[in-house]
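User: I have a structure open and would like to talk it through with you. Could you start with the terms you use, and then go from the whole chain to single residues?

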Amino acid sequence: MDFSQRLQQVQRRIGEAARRAGRDPASIALIAVSKLHPAADLRVAYAAGVRDFGENYVQELVEKHAALSELPDVRFHLIGHLQRNKARAVVPIATSLHTLDDARTIAECERRAAAANRAVQVFLQVNVGEETQKSGCSPAELAPLVDAVLQCPHLQLQGLMTIPPATEEPDDARPFFRRLYELQQKLHVPLARLSMGMSSDFEVAIEEGATDVRVGTALFGARS
Ligand SMILES: *Cc1c(COP(=O)(O)O)cnc(C)c1O
């Protein structure tokens, strides 16, 4: 299968999951996770119609952004952990940041976005499985972080993001996706979007309310 066939297959599966859940397939955004794949692979994806790319590492995002600079409508999304001292490099070029989880990094991103005179879309990452080794705020820390972002004029709060604990079966991730949805529903402000679901479980995530799915392997194949 070539890239556009894999893309069509993923889009078809997104559509079917959305319809099962009574949702509009057009309301679900596909982020093609291109981490560890060369810029040439992103060009192939671009030719097939992809405009939204997810990258985990700031340095790699910066390099690919430069490599594809002649393609005006490409959007890069940071989906890996952001260290505060890397905000300076990524905030001026990323369309969205999916992994904010502490007040100091939020403040630094606002400072860098203001300096670049641009707005950046942000998601707050929640560690719904409360795993000690994983990034993301705890559910209890979420409300104050929401307020922190809302005070930042250059950060546009979109919603919440999570990476559930690794599981054997896609369906085992369902309770964690549901927990993120419930947290979103209980917040004191309405937030529209939920970034959740990867190659192995994006259909379950859509059934539980995902609006942004981050799919790598199912599009680009295995990473080396
Ligand atoms: C790598 C990664 C993905 C994509 O994973 P696949 O299993 O290849 O689809 C999605 N989200 C995050 C945060 C990732 O690090």
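Analyst: Buried means under 20% relative accessible area, exposed means over 50%, and partly exposed is what falls in between, with a 1.4 Å probe and protein chains only. This is a predicted model, in which local features need pLDDT of at least 70 and side-chain atom pairs count only at pLDDT 80 or more, while totals for chains, interfaces and linings use all residues. Residues are numbered from 1 along each chain as its sequence is written, and side-chain values use heavy atoms, with hydrogens and water left out.

User: OK, how many helices and strands are there in the protein?

Analyst: There are nine helices and eight strands, where helices (H or I, at least four residues) and strands (E, at least two) are DSSP runs numbered from the N terminus. The radius of gyration is 17 Å, close to the 17 Å that the globule rule gives for 224 residues, so the protein is as compact as a globular protein of that length. That radius is taken over C-alpha atoms, and the globule rule is 2.2 Å times the number of residues to the power 0.38. Along its principal axes the C-alpha trace spans about 45 × 40 × 30 Å.

User: And what share of the residues count as buried?

Analyst: Of the 224 residues, 49% count as buried. The accessible surface comes to about 10,400 Å², and 49% of that surface belongs to carbon and sulfur atoms; such areas come from the Shrake-Rupley method with a 1.4 Å probe, and for residues only the protein chains shown count as cover. As for contacts, meaning heavy atoms within 4.5 Å, 60% of those between residues at least 6 apart in sequence join residues at least 24 apart.

User: Let's go to single residues. Where is Glu-60, and is it buried or exposed?

Analyst: Glu-60 is found in helix α3, residues 58-67, and with a relative accessible area of 14% it is buried. A polar atom of the Glu-60 side chain lies 2.6 Å from the backbone nitrogen of Leu-36. Leaving aside neighbours within four places in sequence, Glu-60 is in contact with Ser-34, Lys-35, Leu-36, His-37 and Glu-55.

User: Which backbone nitrogen lies 3.0 Å from a polar atom of the side chain of Ser-199?

Analyst: That is the backbone nitrogen of Ala-218. Ser-199 itself lies in the loop between β7 (193-195) and α8 (202-207). Apart from neighbours within four places in sequence, the residues in contact with Ser-199 are Arg-13, Arg-214, Val-215, Gly-216, Thr-217 and Ala-218.

User: Changing topic, what does Leu-78 touch?

Analyst: Not counting residues up to four places away in sequence, Leu-78 touches several residues, including Glu-55, Tyr-57, Leu-61, Leu-97 and Thr-99. Leu-78 lies in strand β3, residues 75-78, and counts as buried at 0% relative accessibility. The C-alpha atoms of Leu-78 and Tyr-46, 32 residues apart along the chain, are separated by 18 Å.

User: What about Ala-113, buried or exposed?

Analyst: Ala-113, which is found in helix α5, counts as buried at 0% relative accessibility. With residues up to four places away in sequence set aside, Ala-113 touches Val-91, Arg-118, Val-120, His-154 and Leu-155. Pro-153 is 40 residues from Ala-113 along the chain, and their C-alpha atoms are separated by 9.2 Å.

User: And where is Leu-191 found?

Analyst: Leu-191 is found in the loop between α7 (174-186) and β7, and at 11% relative accessibility it counts as buried. Not counting residues up to four places away in sequence, Leu-191 touches Leu-157, Gln-158, Gly-159, Leu-160 and Gln-184. The C-alpha atoms of Leu-191 and Phe-123, 68 residues apart along the chain, are separated by 9.8 Å.

User: Last topic, backbone angles. What is phi of Asn-117?

Analyst: Phi of Asn-117 is near 55°, a positive value in a residue other than glycine. Most residues other than glycine have a negative phi. Asn-117 sits in the loop between α5 (103-115) and β5 (120-125), and at 65% relative accessibility it counts as exposed.

User: What is phi of Glu-130, then, and where does that residue lie?

Analyst: Phi of Glu-130 is near 45°, a positive value in a residue other than glycine. Glu-130 lies in the loop between β5 and α6 (142-150), and with a relative accessible area of 51% it is exposed.

Conventions. A polar contact is a pair of N or O atoms within 3.5 Å; within protein, one must be able to donate a hydrogen and the other to accept it, and residues adjacent in sequence count only if both atoms are side-chain atoms.
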